[in-house]
Structures are given as C-alpha cells and as structure tokens.
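Let's take a walk through this protein together. Keep the sequence and the 3D view open as you read.

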Amino acid sequence: MAKRRKGRQVNGVLLLDKPHGLSSNHALQTVKRIYFAQKAGHTGALDPLATGMLPICLGEGTKFSQYLLDTDKTYQVTAKLGVRTTTSDAGGEVVSEKAVDVSSEQLAEALESFRGTTKQVPSMYSALKHQGQPLYKYAREGIEVPREARDITVFNLELLRFEHDEVELNIHVSKGTYIRTIVDDLGELLGCGAHVAHLRRSAVGNYPIEKMITLPELEALLEQAIADEITPSDVLDPLLLPMNSAVDGMHCVYVDDMSANFLRHGNPVQAYNQPEAGSVQVYLGEDENDADAEFIGVGFINDDGLVAPKRIVVLEQY
C-alpha cells in the first residue's frame with residue numbers, strides 16, 4: 001500500500017514578515033502547518049535576531065527556491081559603534097569595548113570603501129558549510145575554519161542616521177553578502193569596533209514589500225476561517241504569489257502541448273522565442289500575448305540549441 005502523504009499540494013510563494021527571535025526554520029514549519037502543505041522551503045535564512053522578508057516556497061514552488069537564494073537583497077541595519085562581539089551582532093559575547101570618537105566625515109569615507117564590488121570573508125557565524133557542517137557549529141565549539149574571500153557587490157549603501165554611537169544604513173547587496181561582516185569591518189575601519197544591533201530585510205529581488213504578511217495575521221485568518229466554517233485554503237491561498245515570481249526577469253519561451261509533454265518526460269524541445277543560451281522560463285502557450293499561458297518550469301539552452309528541462313512543475317493531474 002502506498003504511503004499516504006501528509007498535507008495537501010499547494011503551490012506558490014508566501015512573503016512572510018519574519019518576527020524577531022524566531023529561527024527561519026521555525027517560521028517555515030509554522031507556515032507549512034498553517035497551510036497544511038506537503039512541502040515547504042525558505043529561500044535563504046534570516047538570523048533569529050533579524051526580521052523582515054522571508055519568501056517561503058510551497059509545493060512545486062520549492063523547485064525554484066535556489067533562484068531566490070541567488071538574487072540580490074536589501075536590508076536596513078542599525079550598527080552599534082564601540083562594542084565588538086563574537087558573532088558581530090547583539091546576541092554575541094563582547095570581545096572589546098572602545099570609546100567612540102568618529103566624525104561624519106570619517107564615517108562617510110569608511111562607508112565609501114564598501115560600495116561597489118569588493119572581497120568579503122564570510123563570518124564564522126554564517127550558514128556556509130565546511131565538510132558538511134555549517135560554520136556556526138564550528139564557531140560555537142571555538143573552532144576557526146579557514147574561509148576564502150568572495151566577491152560581493154554593494155549596489156547601494158545609504159546612510160540614514162548617525163547619532164552618537166549608532167549608525168543606521170540601507171544596503172542593497174548581491175547574493176552571499178553578510179551584513180554582520182560589513183558592520184564588523186566598518187567598526188574596525190573606524191577604530192572603535194561595531195556590531196549589528198537591529199537588522200531587517202526589506203526586499204528580496206523584486207518582490208513587493210506590501211505583499212508581506214506576519215505569522216499572527218496568518219494564524220488569525222486560519223482561526224477565523226475555522227470559526228466561520230470556511231475552507232481555510234479559500235482564505236489563505238490567495239495570499240500566495242505564483243511560482244514563476246521566483247524567476248522574474250528570466251527570458252520566457254513558449255511551447256505547445258506536445259513539447260510540454262516531452263519536457264515533462266525529460267526531453268529537450270524547440271521553443272518559440274528562445275534565446276541562443278542561458279536559462280529560460282517555459283510556458284505552455286502561444287506567445288507573450290497569451291493571457292492563458294501556463295508556467296511549466298525552468299529550462300536551459302543545451303549544446304544542440306534546444307530547450308532542455310531543468311526544473312519542471314509536476315501537478316497532480318499529470
């Protein structure tokens with residue numbers, strides 16, 4: 001007898017406004033429970049001390065979470081000058097305390113050094129893995145692991161406030177950029193040390209901030225639906241963004257029914273409007289003017305110039 005799956009197949013992306021003090025995995029499991037979803041995955045963890053946008057992919061949407069991991073992100077961060085910590089945030093132990101004697105001109109000069117493409121050594125308290133274990137596990141055991149500096153890009157760095165020993169910044173960065181490391185490096189440049197006091201992620205790619213929803217709001221909607229004897233999915237599912245939102249901006253190609261079936265079985269096809277190379281969104285439909293075109297996944301142009309499947313949506317009817 002086949003094992004019965006727990007949960008329902010619900011597909012899409014929820015923009016969760018993660019609260020302070022909650023791990024990303026705990027937030028993910030809570031959303032999965034509220035939606036009674038078979039599958040769920042987040043798209044790049046936020047530290048428990050951080051708040052803000054945490055896209056959660058449900059069902060077949062989990063196949064496209066990697067594309068959100070790779071996209072750029074925007075943060076608002078408050079740096080506390082004068083105190084350096086082991087974790088470079090407020091949750092760590094104090095390493096050093098120094099008097100803060102920093103002018104606006106010194107701060108502006110230091111901030112300028114972070115703009116553009118630079119090298120960054122990832123924090124030991126990051127989720128990057130070494131020999132199958134995240135770095136933060138080694139750090140908690142007092143083990144220092146060698147890390148290679150990586151290219152990062154700070155697209156925009158705006159000073160919002162500088163008062164006494166606090167610096168508030170808005171930072172738009174490329175994938176893999178650690179804000180805590182920027183703040184720690186800033187403190188060292190200024191000669192007084194610094195750590196992250198508050199951190200909020202305000203944007204992931206092009207996702208609209210106004211579409212974010214909190215866990216209490218989701219819980220309230222679920223409870224109200226149950227009280228009103230309404231099917232919860234009728235209230236919750238409209239909050240989801242479509243799966244193809246995770247690959248927004250990628251080139252779109254179009255295929256007919258036969259080609260779509262070939263792709264679902266792992267075979268490459270010729271598509272309408274395909275580029276010479278790269279990854280593509282694949283739709284079952286006539287062209288970009290087809291309002292009923294159905295997103296069926298992501299493909300790539302192979303060596304034969306055909307669209308080969310990479311991440312294909314498999315719904316229950318198939």
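Start with Asn273, which sits in the loop between helix H8 (257-264) and strand S14 (279-284). Helices (H or I, at least four residues) and strands (E, at least two) are DSSP runs, numbered from the N terminus. Asn273 has a phi near 70 degrees, a positive value in a residue other than glycine. Asn273 counts as partly exposed because its relative accessible area is 38%; buried means under 20%, exposed over 50%, and partly exposed in between (1.4 Å probe, protein chains only).

A word on the ground rules: this is a predicted model, where local features need pLDDT of at least 70, side-chain atom pairs count only at pLDDT 80 or more, and totals for chains, interfaces and linings use all residues. Residues are numbered from 1 along each chain as its sequence is written, and side-chain values use heavy atoms, with hydrogens and water left out.

Now hop over to Glu229, in the loop between helix H6 (215-227) and helix H7 (232-236). Glu229 also has a positive phi, near 60 degrees, though it isn't glycine. Is Glu229 buried or exposed? With 75% relative accessibility, Glu229 counts as exposed.

Last stop: Arg150, in strand S10 (residues 150-163). At 30% relative accessibility, Arg150 counts as partly exposed. A polar atom of the Arg150 side chain lies 3.0 Å from the backbone oxygen of Gly176. And if you look for Leu14, you'll find it 136 residues from Arg150 in sequence and 30 Å away in space, C-alpha to C-alpha.

Technical notes. A polar contact is a pair of N or O atoms within 3.5 Å; within protein, one must be able to donate a hydrogen and the other to accept it, and residues adjacent in sequence count only if both atoms are side-chain atoms.
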